[in-house]
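Q: Please take a close look at one part of this structure and describe its surroundings. An answer for a reader who is new to it would be welcome.

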Amino acid sequence: AKVCQALGEAFMEKYPDVEIEVVQGGSGELKTRLDSEKNNPQADVMFGGLTQADAVAYEELWDQYVSPYDKDIAPAYQNTSGYVTMKSINLQILLVNNELAKEAGVEITSLNDLLKPELKGKIAMIDPSSSATAYRWLTCILYVIGEGDPESDQAWGYVEQLIQNLDGKIATSSSVAHKSVFEGEYVVGLTSESNGLSYLTDGFGDQVTVVYPAEGTTAASYGAAMIKNCKNRDNAETFIDFLVSDDGQAIYADSSFRPANTSFKNSNEYLPNIDSIKLTAEDYGYISVNQQAILDHFNELWAKYN
């Protein structure tokens, strides 16, 4: 991602004695790798793809660290667990391939539109067990459709109908939800705002449309955490501090992400004012503590039809 490259370059310019080695992968894949290496950690920081839920669900992988810059983060996203430092805010959006939607004869403006028979097998969704973004999409659906009650029959009934309309197709890499739509494999994908906005920023607004669901969406925050017993703790602290310092947040403000320090205003012309978007609040404590139960429920429904 461009913002990751920009952050890395700016960090190394400020700290020329610190060398960064990057290993890329899906959040689920990386957490599995970290777990396998926990007796001999090979990494110092997991950067990105971490939600507040991961602070609880994968607590054994992280060392506690709260940056002195954390106090500048929007209160809802501060590091109350002591493990995950939130660097950016990202909304859940639908990315639509304009030509394919026209061919299918569907207009997609809402979550309920995803249940249309014309979209059967044409929806790009990621397995919520394998991706932080996908898990946040699942909790988004539960809270939005459940009107604040993620355990409601209404919420899980929608999930069951959506699973049926996926027609057995689900991916394990979060990039599929936007790349496959852009490349014309699927009509619509469930992805994050930053992914969708990157296509508009790069001039592809004639090919894809970013949709904020009419029923509402949620604002997730993604962060970084220090690996437990990492070999370079001082450098890890310095890097996490940089992400949420003014220098790091200014880079996010010039990208397709919303900075976690909301005093920085994003300059991206395609990013709508957050006040213009219908947002549904989530209970971060609930989705953290109940992450495995929520995933188990989803997997039971998936197995029922696949």
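A: **Buried residues and what covers them**

In helix 10 (residues 246–253), the residues Gly248, Gln249, Ile251, Tyr252 and Ala253 are buried, that is, under 20% relative accessible area, with exposed meaning over 50% and partly exposed in between (1.4 Å probe, protein chains only). Helices (H or I, at least four residues) and strands (E, at least two) are DSSP runs, numbered from the N terminus. The model is predicted, so that local features need pLDDT of at least 70 and side-chain atom pairs count only at pLDDT 80 or more, while totals for chains, interfaces and linings use all residues. Residues are numbered from 1 along each chain as its sequence is written, and side-chain values use heavy atoms, with hydrogens and water left out.

The cover over the buried residues of helix 10 includes helix 1 (2–14), strand 1 (45–50), strand 3, helix 9 (233–244) and strand 8, where contact means heavy atoms within 4.5 Å. Strand 3 (residues 84–97) is itself mostly covered, with 14 of its 14 residues buried.

Strand 3 has several partners, and two strands pair if DSSP finds at least two bridges between them. Strand 7 (residues 219–227) pairs with strand 3 in the antiparallel sense over 7 bridges, and Leu91 faces Ala219 of strand 7. Strand 5 (residues 188–192) is antiparallel to strand 3 and joined to it by 5 bridges, Ile93 being partnered with Thr191. Strand 6 (residues 208–211), also antiparallel, is linked to strand 3 by 4 bridges, and Val96 stands opposite Thr209.

After helix 8 comes Gly203, with a positive phi near 90 degrees.

Helix 7 contains Ser180, which is buried at a relative accessible area of 3%. Leaving aside residues up to four places away in sequence, Ser180 touches Ala124, Ser175, Glu185 and Tyr186. Its C-alpha atom lies 27 Å from that of Asp54, 126 residues away along the chain.

The loop between helix 6 and helix 7 holds Asp167. This residue, although other than glycine, has a positive phi near 60 degrees, and Asp167 is partly exposed at a relative accessible area of 43%.

Helix 6 (residues 153–166) packs against helix 5 (residues 132–145) at about 130 degrees, with axes 8 Å apart. Axes are lines fitted to C-alpha atoms, for helices over the stretch in contact, and angles run from 0 to 180 degrees between N-to-C directions. Helix 5 and helix 6 are therefore oblique to each other, since angles under 35 degrees count as roughly parallel, over 145 as roughly antiparallel, 65 to 115 as roughly perpendicular and the rest as oblique. In this contact, Leu138, Ile141, Leu142 and Ile145 of helix 5 meet Gln154, Ala155, Trp156, Tyr158, Val159 and Leu162 of helix 6.

The loop between helix 5 and helix 6 includes Glu147, a non-glycine residue with a positive phi of about 50 degrees. Glu147 counts as exposed, at 68% relative accessibility.
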